[in-house]
Structure formats: structure tokens, C-alpha cells
Amino acid sequence: MAGRELKERVLHSPAMEGGQTVRERQEAVERDILSDRAALSAESKGRERDEPSHPIRTCFQRDRDRIVHSKAFRRLKHKTQVFIAPEGDHYRVRLTHTLEVSQIARTIARALRLNEDLAEAIALGHDLGHTPFGHLGEQALSPFLGRPFRHSEQSLRVVDHLERDGQGLNLSWEVRDGIVNHTWAMPMPATLEAQVVRFADRLGYVNHDIDDAIRAGILTDGDLPEEAVSVLGRNHGARIDTLVRDIVEISAEAPEVGMSEPVAKALDVLRDFMFQRVYLREEAHEEQEKAIGVIRSLFAHYLDQPDEIPPEYRAAPGDLQTHVVDYIAGMTDRYALRTYERLFLPQGWML
């Protein structure tokens, strides 16, 4: 069979069973096995631009695939999680954080009989808008916008406007809602699957950042607050297991996803400890100021030289400041550093 004929057969004449396409069978399985609280792909609120349904994949599966194949997703492998340009091979970066959140979210969603495909798509897309150098990039860009830069809002902008040369990924409403509302500073997301991702993100980063801080010699296991580890566990795996099991137990029949009070308090204690001892530690201030300086210098340059911004960013909705933010936020750490060196340092100098 000629290649073109085969393609047409796969795309337009999918195997039928009982008059149903593969996608329709999957949608029927969702209705049969998922909780009545789950978001069903067949009942999605749809996309901003209507598209024909796919014969094999549900709408949430298509969204997941579009995110994984996006340029912004690939760039996450060179974006800081906590440690800027770590020398070891085992430190988390934004991509490995995203994969860990996705795994945790799928585990919780499956246990609660929620839609795993929706939870996975939201988890994989939740950090696409993160700047280079982690949250330091957000701090550096906010003064230029006249408002706080929120990576969740930028993640939505990435999937709506910046991917596919300005066309966006045209994701379903439920995935977009989960992406923009995954942080605790934003309104409660509409689906339980998105609420699962919100919890998975927090318990994921707190625990894997502890792991990396111990690897870096900033912390030891003995430094962790006793009131937290006595509840959650004394190693990484035990803490993740406790948190996941608690969420599943508390959320099984509840109208929203949640945790028990003792476990939630223990997680908050660990998070506060990490801010004090790791995220805001005095020893990192010099490195952090350098990263902020790089971002702000790049912003000033592109504001003065807008023709150097790639066309795909200039074509997106918004004013010049927004276009500059789009371009810089999309940079990886190493690309931002190389660009700074090219623009501002004499040849042969290194940061």
C-alpha cells in the first residue's frame, strides 16, 4: 500500500468496533470506570478554535502530546529548578521537576479514579512559562511589567500564543485552566485533576529540593525539623509516600482535593524551613544578584533594540515590554548567559 494511502486510512478510516472509533471506545471506558467527580474527555468545554476530533486520541491525550512536543517543553531541561548551573549530574532542573510532578499527579489521580490524562497534561505544561534562573527571573522581570510576573500566567501565554510560531497549541479549556491556576496564589482550579497537580507540585518541589540541598552539602538529614520528619518520614521516598497516601485518603469522598491537618502542617513546616535555609540563604545572594543583573541587562537591551527579538515573539499579542518578557522568559539559563556575554562582555571574558 502506498504511503499516502496508508496515511489516509489511518487518519480518516480508523478501525471500527461496534461502530466506534478507538477514541470513542476510550471515552466509553472513562465513563464506565472513572469517578463521577472526574473530568471526562468527551465532556470537555472544548478549545478556543474548534478542531475535528481525533480518531484515536482523546482531547486530553492530544493536549499532553502537544505539550511534550513543544519547544518550550524541551527548553525545560536547561532551566534552573533551585541551583543555578549545578555541576553534578543528579540535580533537578525544571524538566525533571515537571516529570516528577507528573508521576505524582498520575498516581494520585489513578487512586482517586480521576482522569489521569488530564492530570498528566496539566502537570507537563504547568511550568512552561518559567524564566531562566528559576524564581529569580520572575523577580527580575516584575519591575518592568508594573505587576508581578507569574510563571503560571506565562505558561498559559506560551501554550496560547507563543508556540507553533504564534499559533499556540489550542489546548482544551480544562488543561488551560489547570495550567494557569496551578499555583496557590491563583484561584482554585475548576477540576479535581488540576487540584491534584497543585498539590503534586508543592509536595514534589519541597521534597526533591531537600534531596538536592543535601546532595549539595547545604543540609544534612539531621538538619530537617523534627516536627515535620516525625510525621512525614525521614527520607525522600517515605515523605512522598506519606503525603500521597494522605491526599488519597482525605480526598476520596471530599468535594475538593486536600490533606489532613497534621500532614499539611508538617509540609508547611518543611516548606518554611526550605525558604529559610535554602531558597533565601545568605550565601547564595551574590550568585542570585548576578542572575538578576543578567536578566535586567537583557531586558534593557531588547527594549532598546526590539528588531533583535525573533518575529515569533513580536507577532504575539501585547506591547513591546510584553514581547521582551516573552523572549527572555523563554530563554534557557545557558542561552541567557551566552547572550549576555555576547552583548556586554569584551571578547574572551566569562561571567
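**Salt bridges**

Author: The count is 23 salt bridges, each a side-chain nitrogen of Lys or Arg within 4 Å of a carboxyl oxygen of Asp or Glu. This is a predicted model, where local features need pLDDT of at least 70, side-chain atom pairs count only at pLDDT 80 or more, and totals for chains, interfaces and linings use all residues. Residues are numbered from 1 along each chain as its sequence is written, and side-chain values use heavy atoms, with hydrogens and water left out.

Take the pair Arg64 and Asp65. Their closest N and O atoms are 2.9 Å apart. Both residues are buried, meaning under 20% relative accessible area; exposed is over 50%, and partly exposed lies in between (1.4 Å probe, protein chains only). The pair also belongs to a network. Salt bridges link Arg64 and Asp65 with Arg57, Arg106, Arg110, Glu116, Asp117 and Glu120.

Next, Asp127 and Arg94. Here the closest N and O atoms lie 3.2 Å apart. This bridge joins distant parts of the chain, 33 residues apart. Asp127 sits in the loop between helix H6 (116–125) and H7, Arg94 in helix H5. Helices (H or I, at least four residues) are DSSP runs, numbered from the N terminus. Asp127 and Arg94 are both buried.

Last, Arg215 and Asp212. Their closest N and O atoms are 3.2 Å apart. The two residues are three apart in helix H10, so about one helical turn separates them.
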